[in-house]
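Please keep the sequence and the structure in view while reading.

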Amino acid sequence: MKASGLGKKIRMVGFQNDIASFLGALDLFAFATKSEGLGQVAVEAMVVGKAVVMTNIAPLRGIVVDGETGRLVDIGSADSFTHVIIPLLKDPTERARMGALGRARVKEFFTAERMSQETLSLYEDVLRRRSTLRASAMTA
Amino acid sequence: MKVLHLITTLSGGGAELHLLTLCHRLKKQGAEIVVACMSEYGKHARTLRGDFENEGIWLGQEDSYGRFSE
């Protein structure tokens with residue numbers, strides 16, 4: 001970073017415990033990841049009402065609605081990020097619109113309650129199917 | 001219902017925090033939960049071992065022989 005002259009513009013803040021306060025202090029959340037299982041940090045940024053800019057990869061594509069709750073950009077392309085981030089930084093109204101839509105989307109689809117309920121339902125469904133298969137095998 | 005969750009590490013990343021939330025809620029629904037990890041530490045700064053233990057969740061870790069134990 002020093003070699004590129006960015007040393008004074010970038011702060012490496014290390015591990016954060018108070019995620020909501022930390023994310024809440026941002027103007028925009030950018031996530032240039034190449035692979036994610038889910039990308040929970042995307043959900044965390046959206047639930048505090050932040051517009052997000054992220055790479056267009058499978059799990060993030062299911063979280064972010066491009067142009068509505070944030071923007072999805074080409075993987076590995078700094079230019080793509082730049083072309084999206086700079087206009088958004090100059091447009092607080094658009095950031096607020098995306099942030100509000102993102103928060104609503106998370107509240108509807110990505111709550112811990114919904115995640116745990118659907119996971120439990122899936123486990124129960126698997127167990128039911130196993131019981132049915134066992135019963136069928138015993139009567140065959 | 002008895003559930004074994006297998007996860008790579010217990011470091012404080014998104015997947016691990018996601019699992020912690022899931023285990024907390026499944027336990028409240030009456031499920032018996034065991035979490036096994038391949039190693040405690042990953043690329044993140046801290047381990048969530050204490051958080052899982054505070055939830056009363058049994059933790060197992062893989063040893064060099066591929067066996068899981070507390």
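In this predicted model, helix H6 of chain A and helix H1 of chain B are roughly perpendicular to each other, because their packing angle is about 65° and angles from 65 to 115 degrees count as roughly perpendicular.

- The crossing in which H6(A) passes H1(B) is right-handed.
- On the H6(A) side, the meeting residues are A:Ala112, A:Met115, A:Ser116, A:Thr119 and A:Leu120.
- On the H1(B) side, they are B:Thr21, B:Leu22, B:Arg25 and B:Leu26.
- Sorted by class, this contact of H6(A) with H1(B) comprises five nonpolar residues, three polar residues and one charged residue.

**Helix packing within chain A**

- Helix H2(A), residues 40-47, packs with helix H5(A), residues 92-109, at an angle of about 120°, and the two axes lie 7 Å apart.
- H2(A) and H5(A) are therefore oblique to each other.
- H2(A) and H5(A) form a left-handed crossing.
- H2(A) contributes A:Val43, A:Met46 and A:Val47 to the contact, and H5(A) contributes A:Gly102, A:Arg103, A:Arg105 and A:Val106.
- Among the residues of the contact of H2(A) with H5(A), four are nonpolar, one is polar and two are charged.

**Strands of chain A**

- Strand E2(A), residues 52-55, runs parallel to E3(A), and four bridges join the two strands.
- A:Met54 has A:Leu72, in E3(A), as its bridge partner.
- In strand E3(A), residues 70-73, A:Gly70 and A:Leu72 point one way, whereas A:Arg71 and A:Val73 point the other way.
- These four residues of E3(A) are all buried.

**The contact between the chains as a whole**

- In total, 12 residues of chain A are in contact with 14 residues of chain B.
- On the side of chain A that touches chain B, the elements giving two or more residues are H2 and H6 of chain A.
- H6(A) supplies the largest share of that side, six residues.
- By class, the residues of chain A on this side are seven nonpolar and five polar, with no charged residues.

Definitions and conventions: Residues numbered from 1 in each chain as written. Chains lettered and ligands numbered in written order. Predicted model: local features only at pLDDT ≥ 70, side-chain atom pairs only at ≥ 80, totals over all residues. Axes fitted to C-alpha atoms, helices over the stretch in contact; angles between N-to-C directions. Parallel < 35°, antiparallel > 145°, perpendicular 65-115°, else oblique. Left-handed = near helix turned anticlockwise from the far one by under 90°. Contact = placed C-beta atoms within 7 Å. Nonpolar A, V, L, I, M, F, W, Y, C, P; charged D, E, K, R; others polar. Buried ≥ 20, exposed ≤ 12 C-beta atoms within 10 Å, placed from the backbone. Pairing = 2+ DSSP bridges.
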